[in-house]
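Student: I am new to this structure and would like to learn how to read it. Could you walk me through it step by step?

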Amino acid sequence: MDTTQAMAGHKKRRAGKSAAARRARRYWAVSLAAGAVIVLLTYFPILFVVSNSLKTGRSIFTSGVFALFTQFHYGNYVTAWNGVDRQLLNTAIVAAAAIAIGVTAAALGAYAFSQLKFRGKSLLFMAYLALLMIPWTLTLIPLFLVVQRFGFFNTWWALILPYAAGAQPLLMIIFRGFFEQIPAELLQSARVDGCSERQVLRRVVVPLTRPILLTGSVLMTINIWGDYLWPTIVIQNPQRTTISAGIAEFVNSFGLNLNSGGAVFAALVVASLPMLLLVALTMRYFVSGVTEGALKL
Amino acid sequence: MGDGQPRQPAEVQVAGTRAGPYGPALAYSEGVDELASTLRRLPGRIRSGRLALTTLLLPSMLLIGVFSYYPAVRSLIGGFYQWNGFSPPTYVGLAQFNAYFQSPTFAPEVRNLAILVGGTILITVVAQFSAAEVVSHMPRRLGNIAKYVLIAPIVLPPIVLIEVWAYLLLPNTGLIDRLAGALGLAQPTWLSSPHLALVSILLIGFPWISNLGFLIFLGGLQNLSKEILEASRVDGAGALRRVFTIDAPMLFPQFRIVVVLSGIYAVQNFIPILLLTNGGPGTATFVPGLDMYQSAFQNNQYGYGMAIGTLLFLLMLAFTVVVMRALRPRTG
């Protein structure tokens, strides 16, 4: 090997590297500053809500614009909790039931689509992809009529079943993609060992696919937690509704009564905190699930 | 992987596929009663060989059949029938579509929708692409943290965001007006001003980063080929030039998805309007989605509502097709 050539190349690379490194450092500095600004802008409303949730109603309007965390009036949280505790519990029950039904149904289907051979498979799967093109505004009114016809109006079934159904296309797509990675030989050897299809599912497939089942459950929880419109349409009893509708009700109940303004903000925190905790615990699953679902469109 | 499964009988078939390729859609379109009687007959039809496959597919298929496909088909038909929810529906042809086109709110609805959709797409693309650029230039570990920190607020219930902005936009006492006052600027009445109400609706969610598009752009930027970036660096291309000559063109597929997703979202998202202005002042923030909602759930004009729903569906379908075609990646 020609040493001079190698040395020249080395030198050149080093020079290029240091220039690149200098530029990279400059990019870093700029990107760090810009990143700090956008994080601050994104989180300012949240800080503002938390700060106001600890103020008495009057001082929310009289204290200065940037007077964050100047008062600590924890009583607001008691008021807020008493106002929406019932709805929080309702949401947890509805979400748990909808997940139990929706995730189970989608997992069974995804297993069939990914591991079994049958006629019309790809066409049937198209039925799920096609659903991605059907907007909820199209189905909103007839869905209400279906719910009424079944006698579900004002019951939790009116929430549980449509939520479970609405999640099917996304769940089916992300589950199938994951289930396809299970080697067929593994399932085959389980069958040879005398497992029935049900045992194969329970003892082999479910343990292997737990992460994606968890991802699906998290996505469903976030959707159900955040849905405002549907519960206001099908649930009349404010004691039976879910948290987003409950929050709106709670906020409206104060109207222009400024003295209780702090409790309104506390209620917003109470409604948000469980979701932030859930996502903090399952962030990796959540991000991968969300992007995968979107990119499959 | 298909060959290794001799134990899977090839003739296994689902009980519901007979109606054709879109079995559920066709089978369930005939109505809930029809569906119920089909269900009663179903167990007799299932032969033992099909049992496993049927039990696997049936729960999910039933769910989407009853709660997705049936309502969708019903909605497409319902627009042609006048129905108040009590007396039997009467077939009126295109009359309800015509009535909608000629209603006094149609023109403002279209105008507002166009502004909201255009504004939302612009805001979303610019904010989320810029944020993704910033994060992709950070040192790797910090960038990873920044990604999670910036996306986390996506899980906040939308109602929380709406209520917060309702407060931020309060005239005089709201945060924005007090900031403006402190800076000696005008303090508009935002949501109750006919000219600013629509802008206020668009403002909700500023800085609009914590959403899917941010993750989509960031994923695209992080997957850009290192060689191309290296080449541009050697060529001495600055950061800004790189953004416009390399990043943006290479991320064409991502732009396409984000434009479609945010456009569809904007067409449907009448909930902030429902809660904050109810379409007002006057018709300043009235949109087709809200018209649909009010027609059905406040005025009992279910047929008319479904007609508007059908039009919105067609609009979104056309929008998706046009964007997918127009923003096809250019090769060469």
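Tutor: Gladly! Let us start with chain A, where 43% of the 297 residues count as buried. Please keep in mind that this is a predicted model.

Student: How many helices and strands are there in chain A?

Tutor: Chain A has 13 helices and zero strands. Read along the sequence, its pattern is therefore α-α-α-α-α-α-α-α-α-α-α-α-α. Among contacts in chain A between residues at least 6 apart in sequence, 77% join residues at least 24 apart.

Student: How should I take the confidence values?

Tutor: Where pLDDT is low, the predicted coordinates should not be read in detail. For chain A the mean pLDDT is 85, with 86% of residues at 70 or more. For chain B the mean is 83, and 83% of residues reach 70 or more.

Student: Which elements of chain A have the lowest and the highest mean pLDDT?

Tutor: The lowest mean, 71, belongs to helix α2 (residues 57-62) of chain A, and the highest, 97, to helix α6 (residues 157-166) of chain A.

Student: And where does pLDDT stay under 50 in chain B?

Tutor: One such stretch is residues 1-32 of chain B, for which the model has 62 contacts beyond four places in sequence. Another is residues 43-49 of chain B, with six contacts of that kind.

Student: Now, how do I describe two helices that pack together?

Tutor: Two packed helices are described by the angle between their axes and the distance between the axes. Take helix α3 (residues 75-115) and helix α7 (residues 168-179) of chain A: their axes come within 8 Å and cross at roughly 45 degrees. α3(A) and α7(A) are therefore oblique to each other, and α3(A) passes α7(A) in a right-handed crossing.

Student: Which residues make that contact?

Tutor: On α3(A) they include G102(A), A106(A), A110(A) and F113(A), and on α7(A) they include L171(A), M172(A), F175(A) and R176(A). The residues of this contact divide into eleven nonpolar, five polar and one charged.

Student: Could you show me a pair in chain B too?

Tutor: Of course. The axes of helix α15 (residues 288-297) and helix α16 (residues 302-326) of chain B come within 7 Å and cross at roughly 160 degrees. α15(B) and α16(B) are therefore roughly antiparallel to each other. α15(B) passes α16(B) in a left-handed crossing. Among the residues in contact are P288(B), M292(B) and A296(B) of α15(B), and Y304(B), I308(B) and L312(B) of α16(B). By class, this contact has seven nonpolar, four polar and one charged residue.

Student: How do I read the contact between the two chains?

Tutor: The size of an interface is often given as the accessible area lost when the parts come together. Here we can count residues instead: the contact takes 80 from chain A and 86 from chain B. Helix α1 (residues 3-52) of chain A gives the most to the side of chain A that touches chain B, with 15 residues. That side has 61 nonpolar, 13 polar and six charged residues. The predictor gives the complex an ipTM of 0.85 and a pTM of 0.85.

Student: Let me try a single residue. Is S196(A) buried or exposed?

Tutor: S196(A) is exposed, because 11 other C-beta atoms lie within 10 Å, and a residue with 12 or fewer counts as exposed. S196(A) sits in the loop between α8 (184-192) and α9 (197-208) of chain A. Its C-alpha atom is separated by 58 Å from that of S51(A), and these two residues are 145 residues apart along the chain.

Definitions and conventions
Residues are numbered from 1 along each chain as its sequence is written. Chains are lettered from A and ligands numbered from 1 in the order in which they are written. This is a predicted model: local features need pLDDT of at least 70, side-chain atom pairs count only at pLDDT 80 or more; totals for chains, interfaces and linings use all residues. Axes are lines fitted to C-alpha atoms, for helices over the stretch in contact, and angles run from 0 to 180 degrees between N-to-C directions. Helices (H or I, at least four residues) and strands (E, at least two) are DSSP runs, numbered from the N terminus. Angles under 35 degrees count as roughly parallel, over 145 as roughly antiparallel, 65 to 115 as roughly perpendicular and the rest as oblique. A crossing is left-handed if the near helix is turned anticlockwise from the far one by less than a right angle, and right-handed if clockwise. Two residues are in contact if their C-beta atoms, placed from the backbone, lie within 7 Å. Ala, Val, Leu, Ile, Met, Phe, Trp, Tyr, Cys and Pro count as nonpolar, Asp, Glu, Lys and Arg as charged, and the others, Gly among them, as polar. A residue is buried if 20 or more other C-beta atoms lie within 10 Å of its own, exposed if 12 or fewer, and partly exposed in between; C-beta atoms are placed from the backbone. pLDDT is the predictor's confidence in each residue, from 0 to 100.
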